[in-house]
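Please consider the structure shown below.

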Amino acid sequence: MKAMNKDNPKYNDCIERESQLYERKGDFRTPFMRDYNRIIFTTAYRRLKHKTQVFFAPDNDHICTRAEHVNLVESISYTIAYQLGLNTELTRAISAGHDLGHAPYGHVGERALNEKLQEKGFGYFCHNANSVRNILYLERNGKGYNVSLQVLDAILCHNGEMLSKKYEPDRKKTKEQFLQEYHDCWHKENASLELKPMTLEGCVVRISDVISYIGKDIEDAMSVGILQKKDLPENVVKVLGDNNKSIMNKLIGDLMIHSYQKPYLRFSHEVFEALSSLLSFLGEKVHHHPVLEKENAKLSRMVKELFDVYLEELENNDQDSNIVKFKNKMVENYQNMPNPLIVSDYLSMMTDTYVLNDYERKFLPILHGEKL
């Protein structure tokens, strides 16, 4: 099937966000390879192994974590991009960076931070814009990394919760438009839901995000006992199958067949309808399951209470506070950031276990007999 696509970004088409500080003599890497290397060396990337995908802090090692999800997206997007003749180095870099800004406890933490930023009059929080923020403004104590515009744009536009009948890039997008879209994500409600990436590779990662989690979330739900195979909709099983392997194979194969040598991506009508039904089923029966909803409410409350404590420590300039120490080690330009945004940065970078441990330190008394 593989054939070179006329829309495939060549290496010399890479749009550098900033000029290089020095000449890289003897560097055999392409620009997108350098982007990938920079992303996987971020602290945010390393923390993904201790962040929730759907099920919080599982004892079962076979339950999907955020890190595994990112690896799945990278694998799926590589397969699709390779077979369609697209730039696999670009999809690899986008995939690696697409969830860097996810809050602890997944979308529960994301909603909690979004509500707190609104409450404090700052704006909105969405993990895709925060992933871009991590790369540009938080890594290396605020110095950030110089990553290409194609990668940053696709990360911003990767929203995997939105399903489309056709995935077509905005090929006329400029650097200025990207920066405006990034700004809007922080200051306009649901702005991220309307974005389209500038490359077909960005579209590949966006749909790979859906393919990577939909069957795996169902598989994990069965593992923890809140779902059984017999619960799956009959019309979905008939088209996609009843297990993660079958669902992924059907979605990937159908997408490649119906997108081959096209300037867009699409599924067949039959597969799209089955996928749409499965997404609705997943949201209702898994993501909003009563047991999960009850536990997620506790996690949300924990994140919000920590937010308030950290904000108070910042405003009081408490020199013993870790968040004040975090702020003080950042570059000078960062020091003038609004306090609610600094708290959002600090909390969103945390792993699930770190949040839990810090909550215990902040809110639970020291046990009787322990050394003070």
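Among contacts between residues at least 6 apart in sequence, 76% join residues at least 24 apart. The model in question is predicted. Its secondary structure comprises 16 helices and 2 strands. Of the 372 residues of the protein, 55% count as buried. The accessible surface of the protein amounts to about 17,700 Å², and carbon and sulfur atoms account for 49% of that area.

The interior may be considered next. In soluble globular proteins, nonpolar side chains tend to be buried together. In this model the largest nonpolar core has 66 residues, and Ile135, Val151 and Leu347 are those with the most contacts inside it. The element that gives the most to this core is helix H13 (residues 290-315), with 8 residues. Apart from this core lies another, of 43 residues, which includes Ile226, Val239, Leu251 and Leu265.

Two individual positions may now be examined. When neighbours within four places in sequence are left aside, isoleucine 135 is in contact with Ile39, Leu100, Gly144, Tyr145, Val147, Leu152 and Ile155.

Asparagine 130 is located in helix H6 (residues 127-138). Is this asparagine 130 buried or exposed? Asparagine 130 counts as buried because its relative accessibility is 0%, whereas the cut-off for a buried residue is under 20%. Again leaving aside neighbours within four places in sequence, asparagine 130 is in contact with Gly101, Phe125, Trp186, Asp345 and Ser348.

Terms used: Residues are numbered from 1 along each chain as its sequence is written. This is a predicted model: local features need pLDDT of at least 70, side-chain atom pairs count only at pLDDT 80 or more; totals for chains, interfaces and linings use all residues. Side-chain values use heavy atoms; hydrogens and water are left out. Helices (H or I, at least four residues) and strands (E, at least two) are DSSP runs, numbered from the N terminus. Buried means under 20% relative accessible area, exposed over 50%, partly exposed in between (1.4 Å probe, protein chains only). Contact means heavy atoms within 4.5 Å. A nonpolar core is a set of buried Ala, Val, Leu, Ile, Met, Phe, Trp, Tyr and Cys residues joined through side-chain atoms within 4.5 Å. Accessible areas come from the Shrake-Rupley method with a 1.4 Å probe; for residues, only the protein chains shown count as cover.
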